[in-house]
Amino acid sequence: MPLQAGEDINGTASSLPGLNDARELVRWVFKAEKNAVSDQVFTVGDQYVVAQVKSIKPKGILPLDVIKEQIKPSVLQFVKSKQLTDKLTAALNGAKSIEQVAQKAGVPVTPVQNIVFSNPVLPGSSAEYKAVGTVFGLAPNKLSKPIAGMQGVYVLSPDSFVNPAPLTNTVREKEQIAQTLIQRADAQLFEALKDKANVKDNRAKML
């Protein structure tokens, strides 16, 4: 049978990578010591599992050696983003148009059409909230500063804006917004109360 590693297991989890309905196994993990091997064979669906606890992460801020590999992609992305930002900042110096910026930076201009604030996705990329949000705060033909997004660093210049059609059913729009806020408030209220009361989450011991 192949070895399967499960990382960052939450105490209230009911499943593990490749294993559904593994609540009993998770309960054992959170009672076991480091390097402990289960003295029973767990039946999870049509699989039999013998588990071992390889490491236990301490509560609070984790030391660098524990999370180094986990944060490595984000750190590399940050460094690359900083380099591209510096390059585009230099290209913006003295530039009067997006074409001049692109020429100085050695990159092509990519025209994008029909960007809407409610759907902040740039074609060929993923959701870019900072970039799209910045566009709607610029005047036509105004150059933006370099914007570090999720998939790249951008300099933007809007050509024009089209006003949206007036709402025909404001009641329906208000209902949708209210429903979204209620759902968000339910989750945020619990977290706020837990922080305020200094509540310790011991659900893992009882579920």
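Tutor: Asp8 lies in the segment before H1. The H and E labels are DSSP runs numbered from the N terminus: helices are H or I runs of at least four residues, and strands are E runs of at least two. Residue numbers count from 1 along each chain as its sequence is written. This is a predicted model, in which local features need pLDDT of at least 70, side-chain atom pairs count only at pLDDT 80 or more, and totals for chains, interfaces and linings use all residues, while side-chain values use heavy atoms, with hydrogens and water left out.

Student: Why is Asp8 called partly exposed?

Tutor: Buried means under 20% relative accessible area and exposed means over 50%, with partly exposed in between (1.4 Å probe, protein chains only). Asp8 has a relative accessible area of 49%, and therefore counts as partly exposed.

Student: What makes the phi of Asp8 worth a remark?

Tutor: Asp8 is not a glycine, and yet its phi is positive, about 50 degrees. Most residues other than glycine have a negative phi. Asn141 is another non-glycine residue with a positive phi, about 70 degrees.

Student: Why does Ser81 count as buried?

Tutor: Ser81 has 17% relative accessibility, and so it counts as buried. Ser81 sits in helix H2. Beyond its neighbours within four places in sequence, Ser81 is in contact with Ala148 and Val153.

Student: What makes a group of residues a nonpolar core?

Tutor: The members must be buried Ala, Val, Leu, Ile, Met, Phe, Trp, Tyr or Cys residues, joined through side-chain atoms within 4.5 Å. In the largest nonpolar core there are 14 residues, of which Leu19, Leu25 and Trp28 touch the most other members. Helix H1 (23–29) and strand E1 (42–44) each supply at least two residues of this core. The largest share, 4 residues, comes from H1. A second, separate core has 10 residues, including Leu88, Ala95, Ile98 and Val155. In soluble globular proteins, nonpolar side chains tend to be buried together.

Student: Which residues does Trp28 touch?

Tutor: Not counting residues up to four places away in sequence, Trp28 touches Ala36, Val37, Ser38, Phe42, Ala51 and Val53.

Student: Why is H2 called oblique to H3?

Tutor: The axes of helix H2 (residues 64–92) and helix H3 (residues 98–105) come within 8 Å and cross at roughly 125 degrees. That angle makes H2 oblique to H3: under 35 degrees counts as roughly parallel, over 145 as roughly antiparallel, 65 to 115 as roughly perpendicular, and the rest as oblique. Here the axes are lines fitted to C-alpha atoms, for helices over the stretch in contact, with angles from 0 to 180 degrees between N-to-C directions.

Student: Which residues make the contact of H2 with H3?

Tutor: From H2 they are Lys87, Leu88, Ala90, Ala91 and Leu92, and from H3 they are Val101, Lys104 and Ala105. These divide into 6 nonpolar, no polar and 2 charged residues. In that scheme Ala, Val, Leu, Ile, Met, Phe, Trp, Tyr, Cys and Pro count as nonpolar, Asp, Glu, Lys and Arg as charged, and the others, Gly among them, as polar.

Methods:
Contact = heavy atoms within 4.5 Å.
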